[in-house]
Amino acid sequence: MKRIMGIFLVASLSLALGACEMFKPQNKMTFFVTSTGSGKGADLGGIAGADRHCQALADSVGAGGHTWHAYLSAAGVNARDRIGSGPWENAKGVVVASSVEQLHGANNINKQTALSEKGTMINGRGDQPNMHDMLTGSTPDGRAISGSDDTTCHNWTTSGAGAAMMGHHDRQGLRDDDVSRSWNSSHLSRPSKDGAPGCSQVALQGTGGNGLYYCFAAN
């Protein structure tokens with residue numbers, strides 16, 4: 001009888017745990033800044049590699065029920081066209097934009113709202129180290145930058161020579177103007193003082209970045 005009761009209790013406990021898992025609330029986050037980059041500067045493994053990194057980070061905090069895309073433009077690809085229609089909210093439930101139009105207008109992205117997938121703030125201007133430069137390769141309205149100059153580190157495939165357009169997640173820069181306050185199109189990366197190429201991790205860190213970027217739930 002004791003053996004039967006033991007089996008019954010184990011079975012009941014397993015069912016209860018299964019039910020708890022079934023009704024476990026899902027993370028409703030639909031926007032975040034990557035807590036880590038690729039570690040190889042602007043070489044993200046292309047846009048596909050950047051998307052996979054977004055998805056993995058979202059999965060790690062229980063927000064993998066969405067299709068996650070990196071906010072990156074490349075040749076023939078506009079960042080604004082890859083992120084769905086919104087609204088998007090951070091890990092704390094704060095809405096950063098309700099639509100693509102608002103995202104590229106009067107959005108709510110700043111240091112306090114552009115949180116990592118873990119819900120933590122990313123270092124900004126004045127912090128040590130500063131990591132406010134976000135890789136985007138985009139114009140202010142979220143499109144690929146025209147012309148022959150490299151602005152995406154060869155479509156996010158190199159940590160060598162080249163350049164990447166970046167924005168400031170904390171909306172602060174060297175000057176108090178629209179460019180310095182831009183979340184997605186503030187300035188290009190450049191070689192470091194000791195000659196490290198413009199797409200390298202060292203060069204990105206030298207201008208106030210760490211190879212981080214924005215991720216959006218596209219569905």
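Let's start with Cys153, which is found in helix H4. Helices here are DSSP runs of H or I with at least four residues, strands are E runs of at least two, and both are numbered from the N terminus. Before going on, the ground rules. This is a predicted model, where local features need pLDDT of at least 70, side-chain atom pairs count only at pLDDT 80 or more, and totals for chains, interfaces and linings use all residues. Residues are numbered from 1 along each chain as its sequence is written, and side-chain values use heavy atoms, with hydrogens and water left out.

Back to Cys153. Its phi is positive, about 45 degrees, although it is not a glycine. His154 is also found in helix H4. There phi is about 55 degrees, again positive and again not a glycine. For context: most residues other than glycine have a negative phi, and most peptide bonds are trans.

Is Cys153 buried or exposed? Cys153 counts as buried, because its relative accessibility is 0%. The terms: buried is under 20% relative accessible area, exposed is over 50%, and partly exposed is in between, with a 1.4 Å probe and protein chains only. His154 has a relative accessible area of 45%, so it is partly exposed.

Now the partner. Cys153 forms a disulfide with Cys199, the sulfur atoms 2.0 Å apart. This pair links distant parts of the chain, 46 residues apart: Cys153 sits in helix H4 (residues 153-156), and Cys199 in the loop between strand E7 (187-188) and helix H5 (201-206). The rule for a disulfide is a pair of cysteine sulfur atoms within 2.5 Å. The link of Cys153 and Cys199 is left-handed, with -100 degrees about the S-S bond. Cys199 is at 0% relative accessibility, so Cys199 is buried.

How many disulfides does the rule give? The count comes to two. The other one joins Cys54 to Cys215, S to S 2.0 Å. Here too the pair links distant parts of the chain: Cys54 is in helix H2, Cys215 is in strand E8 (residues 209-217), and they are 161 residues apart. The link of Cys54 and Cys215 is left-handed, at -75 degrees about the S-S bond. Both Cys54 and Cys215 are buried. Count the bonded cysteines along the chain, and the pattern is 1-4, 2-3.

Stay in helix H2 for a moment. Helix H2 covers residues 46-60, and Ala56 lies in it. Ala56 is partly exposed, because its relative accessible area is 42%. Ala56 and Trp68 are 12 residues apart along the chain, with their C-alpha atoms separated by 9.0 Å.

Last topic: the peptide bonds. Another cis peptide bond joins Gln128 and Pro129, and its omega is about -5 degrees. Pro129 lies in the loop between helix H3 (100-103) and strand E5 (133-135).
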